[in-house]
Amino acid sequence: MLRVRNTPRFYRALRECAGKAADGKAVEVDLRKLSRGNVRAADLTPRQYAYLAKRDQVVRAAAGEGGWARVAVLQNSNTCATAQRRFGLAPPLAALWAKAATASSLINVFLKGEERIVFSVVSDDPRSSVSGVELETTRTGQVRGRVLMEEGESSTADLPSSPGASLLSAPGRVVVQKILYEQATPIQSFTPMVDASITAELQEYFSQSEQIPSLVELHTAFDETGTLTFSGGVLVQALPQSGVDTEHALARVRDSFRNNSGELFEKLQLGTLLPQDALQEVLPELRMGNAIDRTLLDFFCPCSLENFRARLLSLGKDTLEQMQARNMRHITCAMCNEKHEITDEAFHGMCTELDSR
């Protein structure tokens with residue numbers, strides 16, 4: 001059974017099926033059927049299956065003989081390609097952004113509702129090309145983030161072009177903030193930077209902060225033009241009290257990943273199989289159980305001019321009038337690079353509000 005998050009974005013995504021089949025024919029979707037909490041993969045038509053296989057998503061379920069592990073498989077290629085276009089990221093920056101986005105989504109895959117994760121990797125080495133990266137992801141599948149530049153720096157034109165180039169260097173730290181229900185303040189954890197691969201940092205986070213035996217694999221791929229073509233990852237966590245020698249089982253899976261992770265990511269990149277089916281073909285020992293939870297992922301930022309209003313008002317009337325006189329009319333969101341225009345009407349409204357206080 002597939003459990004699909006029931007969100008407005010999911011309904012919109014399903015409506016996008018029309019015209020997106022490989023043969024160019026419309027994909028008919030029964031929204032009422034697919035919006036139920038559980039739906040069997042066998043109930044999907046071939047075109048519905050093909051559409052979902054190409055969507056950014058993360059699936060999770062108990063896996064392995066006796067359910068000794070919980071597994072999450074994620075592919076977020078479209079989301080990360082959107083970020084590369086929006087920010088104009090050079091290949092190594094796009095790879096860094098993508099792996100941080102994957103890490104953040106894999107951490108929050110076991111949260112609930114509107115809870116979210118802010119995942120940051122920050123270098124304290126002044127020789128690093130950039131300061132770090134910060135990603136925010138929600139349990140409902142929203143992803144946004146930014147590259148942290150050195151103070152006074154805004155251009156990435158001088159960065160190396162190779163996707164495998166290292167931009168961060170130790171010493172540094174990984175900061176994970178969990179924004180949870182019924183918690184007045186975020187729960188923060190700090191772990192040292194390992195090698196700035198993000199994979200090692202995420203592995204260290206699970207080992208030190210959550211103390212759960214885990215296996216993490218992250219992967220990105222680029223074409224000859226430096227455009228991101230794939231981003232994804234896998235998380236395997238051993239569950240206590242499963243009646244299985246989890247240490248031995250996890251070591252066995254780690255050995256399998258060394259030999260087969262490339263094949264798994266190739267299948268995910270092709271976009272012809274759902275993640276759980278690709279995992280079963282490559283690593284049958286990690287076959288997922290029947291209760292599969294699926295969340296669709298999208299680059300999404302809720303920013304708007306109204307969200308910036310309080311900050312603009314804090315500048316005071318004189319500053320706002322100077323901004324208007326100098327034609328300083330645009331605000332750019334750091335998390336999505338969207339530009340918002342401040343109209344004359346908006347300036348007038350804020351100045352009137354300040355006069356009335």
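Seven of the eight residues of strand β4 (residues 116-123) are buried, so the strand is largely enclosed by the rest of the structure. Keep in mind as we go that this is a predicted model.

Let's start with the strand's partners. On one hand there's strand β5 (residues 132-138), which runs antiparallel to β4 and is joined to it by seven bridges. In that pairing, V121 sits opposite V133 of β5. On the other hand there's strand β7 (residues 172-179), also antiparallel to β4, with eight bridges joining the two. There, I117 stands opposite K178 of β7.

Now zoom in on V121. Setting aside neighbours within four places in sequence, V121 is in contact with S131, G132, V133, L168, R173, V174, M193 and I198. V121 also turns up in the largest nonpolar core, which has 61 residues: along with W97, I107, F119, L202, L320 and I342, V121 is among those that touch the most other members. The biggest share of that core comes from helix α5 (residues 91-108), which supplies eleven residues. There's also a second, separate core of 35 residues, and its members include Y49, L250, L264 and L283.

For another spot in the chain, look at T295, which lies in strand β11 (residues 292-296). With a relative accessibility of 1%, T295 counts as buried, because the cut-off for that is under 20%. The side chain of T295 makes a polar contact with the side chain of R139, at 2.8 Å.

Stepping back, the chain has eleven helices and 14 strands. Of its 357 residues, 49% count as buried. The accessible surface comes to about 17,500 Å², and 46% of that belongs to carbon and sulfur atoms. If you take the contacts between residues at least 6 apart in sequence, 64% of them join residues at least 24 apart.

And how confident is the predictor? The chain averages a pLDDT of 83, and 84% of the residues score at least 70. Among the elements, helix α4 (residues 77-87) has the highest mean pLDDT, 96, while strand β1 (residues 2-4) has the lowest, 42. Over residues 1-29 the pLDDT is below 50, though this stretch has 78 contacts in the model beyond near neighbours in sequence. Residues 31-38 are also below 50, and that stretch has 23 such contacts.

Conventions: Residues numbered from 1 in each chain as written. Predicted model: local features only at pLDDT ≥ 70, side-chain atom pairs only at ≥ 80, totals over all residues. Heavy atoms only, no water. Helix = DSSP H or I, 4+ residues; strand = E, 2+ residues; numbered from the N terminus. Buried < 20%, exposed > 50% of the residue type's maximum accessible area, 1.4 Å probe, protein only. Polar contact = N/O pair within 3.5 Å; in protein donor to acceptor, adjacent residues only side chain to side chain. Contact = heavy atoms within 4.5 Å. Areas by Shrake-Rupley, 256 points an atom, 1.4 Å probe, with all protein chains shown as cover. pLDDT = per-residue confidence, 0-100. Core = buried A, V, L, I, M, F, W, Y, C linked by side-chain atoms within 4.5 Å. Pairing = 2+ DSSP bridges.
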